[in-house]
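These are my notebook entries on one structure, set down in the order in which I looked things up. The sequence and the model come first.

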Amino acid sequence: MVTRFTVDKVRPKGNDSIHINFDKQRVTGRLTTHYFIDNGHHICYIPSLGVTSYGESEQEALERMMHDIVDDLFTNLVELSPDKADIELQRMGWQKNKWFGKRFLAKSFIDKDGVLKNFNLPAGTEVKTQVLTAA
């Protein structure tokens, strides 16, 4: 599956969400991404999925995140049965929307301070937050 991605440089609003269409084998959604430099590497982190990528530039880290990690994760999710996908997403901290059964919401939100703490980064580390939209 090849997912189309866009990056929105505005601050995220609300929790991350994804919508899985098993019939069309498509996943769409909005994911909060954090970017920072750690030990000379550019890091892209999506806390709601628990995934990280790195590169020699911010763009390379983002490209790896979109095309190697998230696209692969989405491909694996749509190949599962809906029940198994639900179990996997619950393990990652997502919950199924009560009214829209194909939509999942991330239970947690991690801000800049949470990123600094999770990665044990120095207090002055610059963290950029953006929204990655998968369509």
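Helices (H or I, at least four residues) and strands (E, at least two) are DSSP runs, numbered from the N terminus.

Residues are numbered from 1 along each chain as its sequence is written, and side-chain values use heavy atoms, with hydrogens and water left out. As the model is predicted, local features need pLDDT of at least 70 and side-chain atom pairs count only at pLDDT 80 or more, whereas totals for chains, interfaces and linings use all residues.

Entry 2, the partner of β5. I found that β5 pairs with strand β4, residues 41-46, in the antiparallel sense over five bridges; two strands pair if DSSP finds at least two bridges between them. Y45 stands opposite T52. Four residues separate β4 and β5 in their hairpin, and G50 in the turn has a positive phi of about 70 degrees.

I checked pLDDT, the predictor's confidence in each residue, from 0 to 100. The chain has a mean of 86, and 91% of its residues reach 70 or more. Among the elements, β5 has the highest mean pLDDT, 95, and helix α3, residues 112-118, the lowest, 75.

Which residues of α2 are buried? I list A85, D86 and L89 for this helix, residues 82-91. Buried means under 20% relative accessible area, exposed over 50%, and partly exposed in between (1.4 Å probe, protein chains only). These residues are on the same side of α2 because they cover an arc of only 105 degrees around the axis, the arc being that of the directions from the helix axis to the C-beta atoms. The face turned away from the buried side carries the exposed residues D83, K84 and R91. The buried residues pack against β2, α1, β6 and β7, where contact means heavy atoms within 4.5 Å. Just after α2, G93 takes a positive phi of about 95 degrees.

I looked up V27, which lies in strand β3, residues 26-38. V27 counts as buried because its relative accessibility is 0%. The C-alpha atoms of V27 and D71 are separated by 9.0 Å.
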